[in-house]
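Thanks for coming. Please have a look at the model on the screen, and I will then go through a few of its features.

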Amino acid sequence: MILATLLLAATFSRPLERVSTTDPAEAQSAYDARVVQLIYESPLAIDYKARPYKLAPGYCELPEVSPDGRVYRFTVREAPRNAADMVRSLKRLYEPTCPNGWLVKDVESVAAADARTVEIRLKRRVRHFPWLMATPGACVVGADGSGTGPYVLTKWRKNHEMVFERKASSAAAAPSHFDFLRYLVIDDMSTQWLMFLRGEVDFLGEISRDNWDMVVGADGRLVPELAAKGVRLHMLEALESPYVGFNMRDPVVGGNRKLRQALNCAFDYPAWERFYNRRISESRGPVPP
């Protein structure tokens, strides 16, 4: 993934896909998750700077685990956090229609041992369970709908704009964080690019194919014209595996395994790589390198 960014002032503006909800229990897309984590905290967090990644305190301290690995005791870190909010938030995941119910499918019970302690008992030992408590779906929502995350949502024009303001008192916000975040829904890639050049947005995600030659030179570096304007180019490998899938209900390919295998074998990956400006790598399995 290659990103272009031009950082300005105390407000950070960027395009974002449509967000359907800010409710952790209902959040399903990566875009929903992004805003959920601005407003709320999950019981645990992930230290992405560590190598390898490791769990870190979030709404709670790192839990104590029973010898058999079935009981987790979480201690809420500080006010205004409390065990009751965490218990209520996790129990919402049990609702039959909750899309994030899979997070608690191995949980036998969730209870508050006292005002600052939550005890979670599992049906069986699940070694990856603590990592589930670091996901957006497990975020803790206050009784009044408030969160303890670093930002508060101050404006939401659905399918158009979201504005977040940093809470100066939040322990989850570092002093270097932006005072305001402004997310804009801009469907047209050309419009995104023009707004970026005018300084109306500070950050673009992946550079579109149409704009590639205007951003990246033959040497793979940012073109001098943009560098002179203060634009910075960031390159990183994304932990994602895009794919081309078959509609198994299709009358032609759905029931014809040999045809699907033939199409797969005939797929011209080198051409696909050129089409994407060599920004992709061939998959050797379901897990990214």
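I start with a salt bridge: Lys155 pairs with Glu161, and their closest N and O atoms are 3.1 Å apart. By salt bridge I mean a side-chain nitrogen of Lys or Arg within 4 Å of a carboxyl oxygen of Asp or Glu. Before going on, a word on the source: this is a predicted model, in which local features need pLDDT of at least 70 and side-chain atom pairs count only at pLDDT 80 or more, while totals for chains, interfaces and linings use all residues. Residues are numbered from 1 along each chain as its sequence is written, and side-chain values use heavy atoms, with hydrogens and water left out.

Back to the pair. Lys155 is partly exposed, at a relative accessible area of 37%, whereas Glu161 counts as buried at 5%. Here buried is under 20% relative accessible area, exposed is over 50%, and partly exposed is in between, with a 1.4 Å probe and protein chains only.

How many salt bridges does the structure hold? There are 16. One of them joins the side chains of Glu41 and Arg81, at 2.6 Å from N to O. Glu41 sits in the loop between helix H1 (30-39) and strand S3 (44-47), and Arg81 in the loop between strand S6 (71-75) and H2, so this pair ties together parts that are 40 residues apart in sequence. Helices (H or I, at least four residues) and strands (E, at least two) are DSSP runs, numbered from the N terminus. Both Glu41 and Arg81 are buried.

A further salt bridge links Arg124 and Asp106, with 3.3 Å between the closest N and O atoms. Arg124 lies in the loop between strand S8 (117-122) and helix H3 (129-132), and Asp106 in the loop between H2 and strand S7 (107-114), so the two tie together parts 18 residues apart in sequence. Arg124 is partly exposed at 45% relative accessible area, while Asp106 is buried at 14%.

Now to the helices. In H1, the residues Asp32, Ala33, Val35, Val36, Leu38 and Ile39 are buried. What do the buried residues of H1 pack against? They pack against strands S9 (151-157), S10 (161-166) and S11 (180-184), where contact means heavy atoms within 4.5 Å.

In helix H2 (residues 83-92) we find Val87, which is buried at a relative accessible area of 10%. Leaving aside residues up to four places away in sequence, Val87 touches Val110, Ala111, Ala112 and Val118. Leu62 is 25 residues from Val87 in sequence, and the two are 16 Å apart in space, C-alpha to C-alpha.

Next, Tyr276. This residue is found in the segment after helix H8 (269-275) and is partly exposed, with a relative accessible area of 31%.
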